[in-house]
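Here are some questions and answers on one protein model. Look at the sequence and the structure first, then read on.

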Amino acid sequence: MNLDFQPLGDTAIRVSFGNEISKEINQAIRLFTNGLSQNPIYGVIEWIPTYASLTIFYNPALIAYKEMLNKLIEIKDHIKETNLPSAKIYEIPTYYGGETGPDLAYVAKYNNLTEDEVISIHTGTDYLIYMIGFVPGFPYLGGMSNKIATPRQEKPRTRIPAGSVGIAGEQTGIYPLETPGGWQIIGITPLKLYDQAKERPILLSVGHYLRFVSVSYHEYLEIKKAVENGNYQVKTYKKEEGMDYVFN
């Protein structure tokens, strides 16, 4: 895999891994960010991964562009000698339908399915988290079956509650904050994907996976109460993956 390093203004370098959305590119980006974590560069402020690129922001008063570029190339070269860390699977308990999933029936009807079939399909996949964006904590996911793909709402709602699980086209996602939105809302999770009171406010991480798990309304309320009291531990599992690419 050839990487392309380009300056982005005078405070960032953009590393391009390709021009497509793919699991292999996502793995490569995760491996590179792991290299950044393991080999801190003085002057680096933060880095932001997207579908096919990684942007590293730095303070030019502390490190010059050329030195920064050389250090990034060194990380790329050393990556060849490292292994991709095991990805995590986050379990997302979700209550489907009811008042908090008002579009479940429409999604079922649009795809000639029953509501239970939609739930079964939606919970039957581990979704890769490609990137976080739109609002803090919103996960862009890959892997949803086209059997439940459904167009967006013709007229977006002015208020989507935090935790709402929705479908838009061939994508599914979770609203971490209350915002307007046009996705078809099929359920809700009691988990907080964004909590500014925490040292690490965003729950999910790019390159890992999430798994929707259907729960009853009673279970939803119990988990919601535990989350609010700070007594709920999000369940995670290891996902073993192989690497099928090399850096050039």
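**Helices and loops**

Q: At roughly what angle do the axes of helix α1 and helix α2 cross?
A: The model is a predicted one. In it, helix α1 covers residues 23–38 and helix α2 covers residues 65–79. Their axes come within 10 Å, and the crossing angle is roughly 115°.

Q: Which residues of α1 and α2 make the contact?
A: α1 passes α2 in a right-handed crossing. From α2, the contact takes in Leu 72, Ile 75, Lys 76 and Ile 79. From α1, the residues are Leu 31, Phe 32, Gly 35 and Leu 36.

Q: What distance does α1 reach from its first C-alpha to its last?
A: α1 has 16 residues. At 1.5 Å a residue, the expected value is 22 Å. The distance in the model is close to that, at 22 Å.

Q: Which strands are included in what covers the buried residues of α1?
A: The buried residues of α1 include Ile 25, Ala 28, Ile 29 and Arg 30. Among the elements that cover the buried residues is helix α2. The strands included are β1, β3, β4, β5 and β6.

Q: Why are the buried residues of α4 on the same side of the helix?
A: Helix α4 runs over residues 115–122, and its buried residues are Val 118, Ile 119 and His 122. They lie on the same side of α4 because the arc they cover around the axis is only 95°.

Q: Is Asn 112 buried or exposed?
A: Asn 112 lies in the loop between α3 and α4. Its phi is positive, about 55°, although Asn 112 is not a glycine. Most residues other than glycine have a negative phi. With a relative accessibility of 71%, over the 50% cut-off, Asn 112 counts as exposed.

Q: What is the phi of Phe 134 near?
A: Phe 134 is in the loop between β6 and β7, and at 54% relative accessibility it counts as exposed. Phe 134 is a residue other than glycine with a positive phi, near 75°.

Q: How far apart in space are Pro 201 and Pro 136, C-alpha to C-alpha?
A: Pro 201 is in the loop between β12 and β13, and its relative accessibility of 27% makes it partly exposed. In sequence, Pro 201 and Pro 136 are 65 residues apart. In space, their C-alpha atoms are apart by 8.8 Å.

Notes. Residues numbered from 1 in each chain as written. Predicted model: local features only at pLDDT ≥ 70, side-chain atom pairs only at ≥ 80, totals over all residues. Heavy atoms only, no water. Buried < 20%, exposed > 50% of the residue type's maximum accessible area, 1.4 Å probe, protein only. Helix = DSSP H or I, 4+ residues; strand = E, 2+ residues; numbered from the N terminus. Arc of directions from axis to C-beta. Axes fitted to C-alpha atoms, helices over the stretch in contact; angles between N-to-C directions. Left-handed = near helix turned anticlockwise from the far one by under 90°. Contact = heavy atoms within 4.5 Å. Expected span 1.5 Å × (residues − 1).
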